[in-house]
Amino acid sequence: MKLRNVLIVVNDMDRAIRFYKELFGLQVILDQDGNVILSEGLVLQDAKIWKSFLGQELLPKNNMTELYFEEADIEGFVRKLEESEFEIEYVNRLMTHSWGQKVVRFYDPDGNLIEVGTPM
């Protein structure tokens, strides 16, 4: 068995595509009208479609999952975040763990938790 993708739910597909393209450099691989596959294995699912699959309310900012990215120039990435058009809600601003890794955690525009850290 092989894990192929990670799917997250978004309310505004165009905004989500812009967010992941401008901040993370991800590209659209396949757009299937409400289900968009980005490079690096990230899949964006339209919230209306996902809600109809589940038959229940969606819970943004549930903190049960996290997308993890690594970036050697973490300070440059934080500047990019702060200068972007997106309103960033931080969970924690840039910090250094006791083992030396620098990380920043924040939500994407749809409440999906993201961590960006320096390579281990």
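Let's start with Arg-105: at 19% relative accessibility, this residue counts as buried, where buried means under 20% relative accessible area, exposed over 50%, and partly exposed in between, with a 1.4 Å probe and protein chains only. Arg-105 forms a salt bridge with Glu-66, and the closest N and O atoms are 3.1 Å apart. By salt bridge I mean a side-chain nitrogen of Lys or Arg within 4 Å of a carboxyl oxygen of Asp or Glu. The pair links distant parts of the chain, 39 residues apart: Glu-66 is in the loop between helix H2 (47–54) and S5, and Arg-105 is in strand S7. Helices (H or I, at least four residues) and strands (E, at least two) are DSSP runs, numbered from the N terminus. Glu-66 is partly exposed, at 34% relative accessibility.

A quick word on the model, which is predicted: local features need pLDDT of at least 70, side-chain atom pairs count only at pLDDT 80 or more, and totals for chains, interfaces and linings use all residues. Residues are numbered from 1 along each chain as its sequence is written, and side-chain values use heavy atoms, leaving out hydrogens and water.

Now, what is the strand order of the open sheet? The 4 strands run S5-S8-S7-S6, with mixed pairing; two strands pair if DSSP finds at least two bridges between them. At the edges are S5 (67–70) and S6 (89–96), each pairing on one side only. Strands S7 (residues 102–107) and S8 (residues 113–117) run antiparallel and are joined by 5 bridges, and Val-104 stands opposite Val-116 in S8. Helix H1 (residues 13–24) packs on the sheet, touching S5, S7 and S8, with contact meaning heavy atoms within 4.5 Å.

Last stop, the loop between S7 and S8, where you'll find Asp-110. Is Asp-110 buried or exposed? Asp-110 is buried, with a relative accessible area of 8%. Leaving aside residues up to four places away in sequence, Asp-110 touches several residues, including Val-9, Asn-11, Arg-15 and Pro-60.

Key
Axes are lines fitted to C-alpha atoms, for helices over the stretch in contact, and angles run from 0 to 180 degrees between N-to-C directions.
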